[in-house]
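Q: I'd like to learn how to read a structure feature by feature. Could you walk me through one?

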Amino acid sequence: MSNIQQKYYTIVSNKGKQAVIKALANKELIDLTTMSVGDGESPIDTNWESLPNEKDKFGITQIKIVDNITLEVTGILSASKGGYMITQAGLYTRDNILFAIAQLPQTAKPVLSDGASKDMTIKFVITIADTSVVNLSIDPNINIITQSHLDEVIDALKKETTTNLATKADKANTYTKTEVNNLVNAKANANAVVTLTGDQTIAGNKTFNGTTTLNGAMISKGANTFSGNNTFNTGQVTFNNNAPISNTAPTNSNHLTTKNYVDNSTGADKVIFMNIADNSNEAEALKGKISTKQVFDEWLRYGTHYTSKYEGVGEVNSPRALEEIKSFTYDSTNDYILSNINSESWIYFLNPTPMDNFTLEIDCTSDKSTDDDLFLINLASIVENGEHFRLDVRRRLQNIASAAAWDICYMWGKNHTNDGKAYTRTYVVLADKNNYVMDVSKEPYRPNGWSEGVWKLKAKRTGKKFEAWTSFMNQTYDNNTYMTWTLPNTKPENIPDKPWEMLQRMCNSKALMGIGNCSQDGKFKIVNQTNVIDMKIYDLSTNTILTKNPTTGVWSSSVMGNNIFPNNTLISSKLNNKLYYCTNGTLKLLISGAGGSGLNGTWKNMTAQRQLNVVYTNDTANSIMVCVSAYDAWGGTTMECFVDDLEVIKNRSIELDSRFGRVSNTFIVPSGSTYKVTGHMGGYLWTELGR
């Protein structure tokens with residue numbers, strides 16, 4: 001490697017860097033308009049605000065976006081200017097900010113009186129954070145055209161121009177750029193059809209008349225007017241009079257779970273899920289949902305009880321199974337889902353988004369020493385006609401039983417026929433490492449409950465292939481516990497006909513997946529994953545992507561680049577009930593959330609968790625309603641209610657002869673807003689709707 005210091009290079013000035021940061025934050029454009037040259041001898045410096053020993057300024061003539069972070073900017077210094085040496089060049093914005101500086105080889109710029117003259121091309125190659133913030137502004141009065149540019153224009157015009165124009169075009173030395181541009185514009189205006197092919201950036205205020213065809217990825221900046229066959233309507237996007245969304249608009253209740261209203265013939269052929277925030281408060285609220293709590297709040301719950309003493313054995317969500325499902329709770333302090341009963345059902349939390357490629361790791365632990373506890377990672381599921389067909393990885397913690405310590409098991413709920421014969425078993429073990437995991441020398445029996453230990457489960461699906469690992473108590477994954485199973489081409493003898501049909505369906509395509517529990521009290525949480533929970537939040541207000549580290553729980557931030565949102569696609573921000581449509585790289589909000597008051601859920605008594613004169617935050621993705629009833633204050637009861645430090649309610653009871661009084665107030669708190677209640681009262685009841 002050479003140790004010689006680079007002599008000729010380009011830097012972005014400090015002012016230029018500040019302009020880029022401001023443009024990214026405010027979604028503005030930087031207008032690059034002018035170049036300059038000088039004969040300075042001092043090394044170029046990012047602190048410069050103008051070029052020392054500046055000799056001439058001139059307009060830029062071309063800008064080329066090399067890639068997302070690299071610009072190539074060109075300017076031409078005419079033959080009429082010169083009489084000096086050039087060692088440095090500068091690039092200026094419309095506001096006369098020195099944006100970039102170049103150190104050049106020493107070059108003479110003569111004029112005709114020196115005995116020679118020439119046009120000189122100055123080219124900047126600049127690296128910045130995001131080239132989409134840069135706009136090119138060319139002075140229309142610049143009267144210079146290079147021979148190569150002229151040749152390209154002449155070739156394009158020869159077939160369309162008259163003999164006289166062709167004759168004049170042959171006289172290159174008398175043909176100005178202004179004349180060429182006028183001819184090109186006249187030709188363009190005469191043609192009503194404009195076709196833009198490939199990736200285009202449309203900057204500034206533009207008007208498109210006639211039939212306009214936009215092909216490739218279009219990034220629209222500035223106010224653009226489309227007429228002719230292209231219309232943009234509020235809540236509905238139309239290209240060439242073909243609506244990518246049907247005339248029946250999606251509603252808040254159906255857009256999260258169905259895409260039947262999408263008109264596939266027009267390109268809007270998919271719905272994807274992303275966590276999108278329109279402001280910082282919404283971003284903070286979404287952070288609180290991207291955890292195991294998201295599983296508890298958002299995932300589908302299915303249960304199947306297995307004892308004949310209850311009606312509906314083998315049926316999904318029987319009364320007994322539903323009773324057990326309702327007993328699960330969420331521990332927000334440690335991010336665990338808790339099973340609080342001695343279960344007689346297989347209980348599952350299933351991701352509502354089907355998938356065929358994922359990795360999931362969970363930590364689990366048990367509270368009981370007198371019975372075994374089974375924890376599950378569901379690899380694939382189909383729920384159909386009241387029956388749950390499920391492919392699971394199962395881990396039995398206490399190892400009391402002689403089986404199912406660690407296996408891959410396929411289960412269903414009811415009896416089926418196997419090759420025409422009655423078959424009473426409702427599960428088949430496909431792979432296991434039971435003997436290895438039950439070896440007590442590796443894990444002595446521990447009777448002390450939750451605080452004693454944690455076990456790890458890891459499962460991976462890649463199409464038809466399924467893999468699993470586990471650990472012993474308070475240890476890392478043991479590679480000797482590794483299991484794998486792949487869907488065979490022919491039906492195994494021990495799998496009945498209907499379950500085999502369902503197993504093929506779930507393994508040959510995307511299916512539901514999740515986590516679950518059976519038997520004694522226990523708790524489990526997600527500690528790592530790929531493609532299971534979206535750990536990214538796209539904050540439109542700051543143009544940033546927030547990403548959560550699943551192991552540490554720490555959030556990091558990065559700048560949101562171009563083409564993040566796929567075109568002609570419906571995007572559901574499920575956690576805050578919003579629906580967007582993306583066109584030309586721009587999101588259009590179709591459904592703003594819960595609608596109406598934005599309230600859902602059930603009333604909760606929060607009295608034990610709320611105190612007067614303490615500020616609380618609505619950390620949900622929706623509005624909540626707060627109701628406070630105060631009573632028993634000698635001399636009268638008073639109450640003041642605040643939202644975001646604004647006093648929204650103030651009242652007091654009417655009392656006679658210093659008797660006790662009562663006051664009740666109800667108010668709505670938007671997502672991300674703060675709220676508090678103050679006043680004089682002997683006691684109060686505090687309830688909230690929407691949590």
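Q: How many bridges join β21 to β34, and do the two run parallel or antiparallel?
A: Keep in mind that this is a predicted model. As a general idea, strands of a sheet pair through backbone hydrogen bonds, and the pairing can be parallel or antiparallel. Here β21 and β34 run antiparallel and are joined by 3 bridges. Within that pairing, isoleucine 337 has phenylalanine 524 of β34 as its bridge partner.

Q: Which strand pairs with β21 over 3 bridges in the antiparallel sense and covers residues 329-331?
A: That's β20. In this pairing aspartate 331 stands opposite tyrosine 336 of β21. The hairpin of β20 and β21 has 4 residues between the strands, and there aspartate 335 takes a positive phi near 60 degrees.

Q: Which residues of β21 point one way, and which the other?
A: Tyr336 and Leu338 point one way, Ile337 and Ser339 the other way, and all are buried. Tyrosine 336 also has a charge over its ring: lysine 523 lies over the face, at 4.5 Å from the ring centre.

Q: Let's stay with isoleucine 337. Why does isoleucine 337 count as buried?
A: The cut-off for buried is under 20% relative accessible area. Isoleucine 337 is buried because its relative accessible area is 0%. Leaving aside neighbours within four places in sequence, isoleucine 337 is in contact with Thr292, Val295, Phe296, Phe328, Thr329, Tyr330, Phe349, Gly522, Lys523 and Phe524. For a sense of how sequence and space compare, isoleucine 337 and isoleucine 526 are 189 residues apart in sequence and 9.4 Å apart in space, C-alpha to C-alpha.

Q: Now the aromatics. Which residues do ring pairs link into a cluster?
A: The cluster consists of Phe296, Phe328, Tyr330, Phe349, Phe375 and Phe524.

Q: And how many aromatic pairs does the count come to?
A: The count comes to 14 aromatic pairs. In general, you describe a pair of aromatic rings by the distance of the centres and the angle of the planes. Take tyrosine 410 and tryptophan 412: their pair is tilted, with 5.2 Å centre to centre and 55 degrees between the planes. Both tyrosine 410 and tryptophan 412 are buried. For another charge over a ring, see arginine 394, which lies over the face of tyrosine 427 at 6.0 Å from the ring centre.

Q: What about the cores? Which residues touch the most other members of the largest nonpolar core?
A: They are Phe349, Leu360, Leu391, Tyr410, Leu503 and Met506, in a core of 62 residues. Another core, of 27 residues, lies apart from it, and its members include Ala89, Phe99, Ile122 and Ile126. Back to methionine 506: not counting residues up to four places away in sequence, methionine 506 touches Ala380, Ser381, Ile382, Phe389, Arg390, Leu391, Tyr410, Arg461 and Ala511.

Q: Loop residues next. Is serine 13 buried or exposed?
A: Serine 13 counts as buried because its relative accessible area is 0%. Look for serine 13 in the loop between β1 (10-12) and α1 (14-26). Residues up to four places away in sequence aside, serine 13 touches Thr46, Trp48, Leu98, Phe99, Ala100 and Ile101.

Q: And is asparagine 613 buried or exposed?
A: Asparagine 613 has 53% relative accessibility, so it counts as exposed. Asparagine 613 sits in the loop between β41 (603-605) and β42 (616-617). Its phi is near 65 degrees, a positive value in a residue other than glycine.

Q: Where does asparagine 531 lie?
A: Asparagine 531 is in the loop between β34 (522-530) and β35 (536-539). This asparagine also has a positive phi, of about 70 degrees, although it is not a glycine.

Technical notes. Residues numbered from 1 in each chain as written. Predicted model: local features only at pLDDT ≥ 70, side-chain atom pairs only at ≥ 80, totals over all residues. Heavy atoms only, no water. Buried < 20%, exposed > 50% of the residue type's maximum accessible area, 1.4 Å probe, protein only. Phe/Tyr/Trp six-rings, centres within 6.5 Å; stacked < 30°, edge-to-face > 60°. Lys NZ or Arg CZ within 6 Å of the ring centre and 35° of its normal. Contact = heavy atoms within 4.5 Å. Core = buried A, V, L, I, M, F, W, Y, C linked by side-chain atoms within 4.5 Å. Pairing = 2+ DSSP bridges.
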